[in-house]
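Good morning, and thank you for coming.

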Amino acid sequence: MSNLTIKGWCKASGEQKSSQIGEISFDVDGPLHLRLEEAEEHLQKTHEPETMVDVDMNSLDLNLPEGYGPLSDCKMRVYLQHERGQFHLVGHQAKDGSLIYSNAVLIDQLI
């Protein structure tokens, strides 16, 4: 399992720009890691620009900065950059629908 702490961002509904909100931390367990790798392989074969991977909120152990969350939905967006798979957390705040997301991480950097 990998525990990640990554810069987080919020884009409020109707806003043009995102604002940094601090650090988001979450766990990537074995099953999620496998689904991320499978998504990367799928993108390499199909040349699609991106795909979304569902997460198990119970195993994610998601911690958002104070004042943000809970999320009404949460997924990992997987895409390729220079043929290497990257992912980042994407979700929406339950209270107002604002987009919450993290910086990207290379899939092959996970333990």
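This is a predicted model: local features need pLDDT of at least 70, side-chain atom pairs count only at pLDDT 80 or more; totals for chains, interfaces and linings use all residues.

Let me begin with helix H1, which has 17 residues. From its first C-alpha to its last, H1 reaches 24 Å, close to the 24 Å expected at 1.5 Å a residue. At the start of the helix, a side-chain oxygen of Asp29 reaches to within 3.0 Å of the backbone nitrogen of Leu32.

Which residues of H1 are buried? They are Leu32, His33, Leu36, Ala39, Glu40 and Leu43. Seen down the axis of H1, these buried residues fall within an arc of 120°, so they line one face of the helix. The elements that cover them include strands E2 and E3, helix H2, and also E4 and E5.

At the other end, H1 is followed by His47, and this brings me to the backbone. The phi of His47 is near 65°, a positive value in a residue other than glycine. His47 sits in the loop between helix H1 and strand E3, and its side is exposed, with a relative accessible area of 65%.

Glu83 also has a positive phi, of about 65°, although it is not a glycine. Its place is the loop between E4 and strand E5. Glu83 is exposed, at a relative accessible area of 55%.

There is one further backbone feature to point out, the peptide bond from Gly69 to Pro70, which is cis, with omega near -5°. Pro70 is found in the loop between helix H2 and strand E4.

I turn now to the cysteines.

Next come the charged pairs. Side chains of opposite charge can pair when their charged atoms come close. In this model the count comes to three salt bridges.

Arg77 forms a salt bridge with Glu50, the closest N and O atoms being 2.8 Å apart. The pair links distant parts of the chain, with Arg77 in strand E4 and Glu50 in strand E3, 27 residues apart. Arg77 is partly exposed, with a relative accessible area of 22%, and Glu50 is partly exposed at 35%.

Lys75 and Asp54 also meet through their side chains in a salt bridge, at 2.5 Å from N to O. Here again distant parts of the chain are linked, since Lys75 lies in strand E4 and Asp54 in strand E3, 21 residues apart. Lys75 is partly exposed at 31% relative accessible area, as is Asp54 at 48%.

The remaining pair is Asp108 and Arg84, whose side chains meet in a salt bridge at 3.0 Å, N to O. Asp108 lies in the segment after strand E7 and Arg84 in strand E5, so the pair ties together parts that are 24 residues apart in sequence. Is Asp108 buried or exposed? At 51% relative accessibility, Asp108 counts as exposed, whereas Arg84, at 38%, counts as partly exposed.

Finally, let us look at Val90, a residue of strand E5. At 15% relative accessibility, Val90 counts as buried. Which residues does Val90 touch, leaving aside those up to four places away in sequence? They are Met52, Asp73, Cys74, Lys75, Arg77, Leu99, Ile100 and Tyr101. By contrast, Val90 and Ser13 are 77 residues apart in sequence and 15 Å apart in space, C-alpha to C-alpha.

Thank you for your attention.

Conventions
Residues are numbered from 1 along each chain as its sequence is written. Side-chain values use heavy atoms; hydrogens and water are left out. Helices (H or I, at least four residues) and strands (E, at least two) are DSSP runs, numbered from the N terminus. Buried means under 20% relative accessible area, exposed over 50%, partly exposed in between (1.4 Å probe, protein chains only). A salt bridge is a side-chain nitrogen of Lys or Arg within 4 Å of a carboxyl oxygen of Asp or Glu. Contact means heavy atoms within 4.5 Å. The expected span of a helix is 1.5 Å times one less than its number of residues. The arc is that of the directions from the helix axis to the C-beta atoms. A polar contact is a pair of N or O atoms within 3.5 Å; within protein, one must be able to donate a hydrogen and the other to accept it, and residues adjacent in sequence count only if both atoms are side-chain atoms.
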